[in-house]
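Let's take a friendly walk through a protein model, a few residues at a time. Keep the picture in view and find each residue as it comes up.

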Amino acid sequence: MLTRLLALTTLLLLALALPAVAATYAQSPGYATPDRDGRRDSRRHLEQLRKNLGLTDEQTQQIRAIIDDRRNQLAPLRERCHADRTAMRAAIRRGDLNEEELRQTAHRQADCRVDGLLQRRSARERISALLTPEQRTRWEERRERISGQGSHRWGGRQNF
């Protein structure tokens with residue numbers, strides 16, 4: 001039982017440390033610079049989309065609204081996930097995290113991850129619906145090319 005708890009705790013600590021390493025890596029030169037408020041530079045990304053896909057001004061405004069909406073929806077999710085991670089780290093440091101609490105916290109973290117993935121997928125679908133068939137084809141080709149090269153984000157995962 002103790003060996004299993006130690007193994008789970010070790011895996012959990014590794015899982016908690018990897019995002020911090022990935023965040024540092026993603027901020028290294030050559031990647032998107034943070035906005036003043038610390039978010040990735042979505043304006044530059046949107047400008048690249050506009051140029052590469054030939055977006056109209058109306059499409060650009062609609063996509064900007066989708067991105068802003070997604071950011072606003074993800075803010076409380078980020079806060080909830082951060083609070084759970086902070087509480088778990090504190091309990092691990094104190095040494096009073098039992099197996100049941102570890103499992104519950106891990107499930108909450110998984111739920112946060114799934115909620116973030118679903119929100120990103122919804123935003124992609126909404127953006128895709130705004131594009132013409134030709135734009136959608138170029139967008140999908142670009143996404144495939146980028147994912148085939150590997151992402152600068154940990155495991156291809158987007159931060160949420």
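This is a predicted model: local features need pLDDT of at least 70, side-chain atom pairs count only at pLDDT 80 or more; totals for chains, interfaces and linings use all residues.

Is Gln-135 buried or exposed? Its relative accessible area is 4%, and buried means under 20%, so Gln-135 counts as buried.

Now look at what surrounds Gln-135. Leaving aside residues up to four places away in sequence, Gln-135 touches Leu-53, Gly-54, Leu-55 and Gln-59. Two of these names come up again when we follow the side chain of Gln-135: there is a polar contact of 2.8 Å with the side chain of Gln-59, and the side chain also reaches the backbone oxygen of Leu-53 at 3.2 Å.

## Thr-60 in helix α3

Next, find helix α3, made of residues 57–94, where Thr-60 is located. Thr-60 has a relative accessible area of 7% and is therefore buried.

A polar atom of the Thr-60 side chain lies 2.8 Å from the backbone oxygen of Thr-56. Which residues does Thr-60 touch, not counting those up to four places away in sequence? They are Leu-46, Arg-50 and Leu-55.

## Helix α4 from end to end

Helix α4 runs through residues 99–130, 32 residues in total.

Which residues of α4 are buried? Among them are Glu-99, Leu-102, Thr-105, Gln-109, Cys-112 and Gly-116. Further along α4, the buried residues include Arg-120, Ala-123, Ile-127 and Ser-128. Here is a handy idea to keep in mind while you look at that list. An α-helix has 3.6 residues a turn, so residues three or four places apart point the same way.

## Arg-126, a partly exposed residue

Arg-126 also belongs to helix α4. With a relative accessibility of 36%, Arg-126 falls between the limits of 20% and 50%, so this residue counts as partly exposed.

Arg-126 and Ile-66 are 60 residues apart along the chain, and their C-alpha atoms are separated by 7.5 Å. Setting aside residues up to four places away in sequence, Arg-126 touches Ile-66 and Asp-69.

Key
Residues are numbered from 1 along each chain as its sequence is written. Side-chain values use heavy atoms; hydrogens and water are left out. Buried means under 20% relative accessible area, exposed over 50%, partly exposed in between (1.4 Å probe, protein chains only). A polar contact is a pair of N or O atoms within 3.5 Å; within protein, one must be able to donate a hydrogen and the other to accept it, and residues adjacent in sequence count only if both atoms are side-chain atoms. Contact means heavy atoms within 4.5 Å. Helices (H or I, at least four residues) and strands (E, at least two) are DSSP runs, numbered from the N terminus. The expected span of a helix is 1.5 Å times one less than its number of residues.
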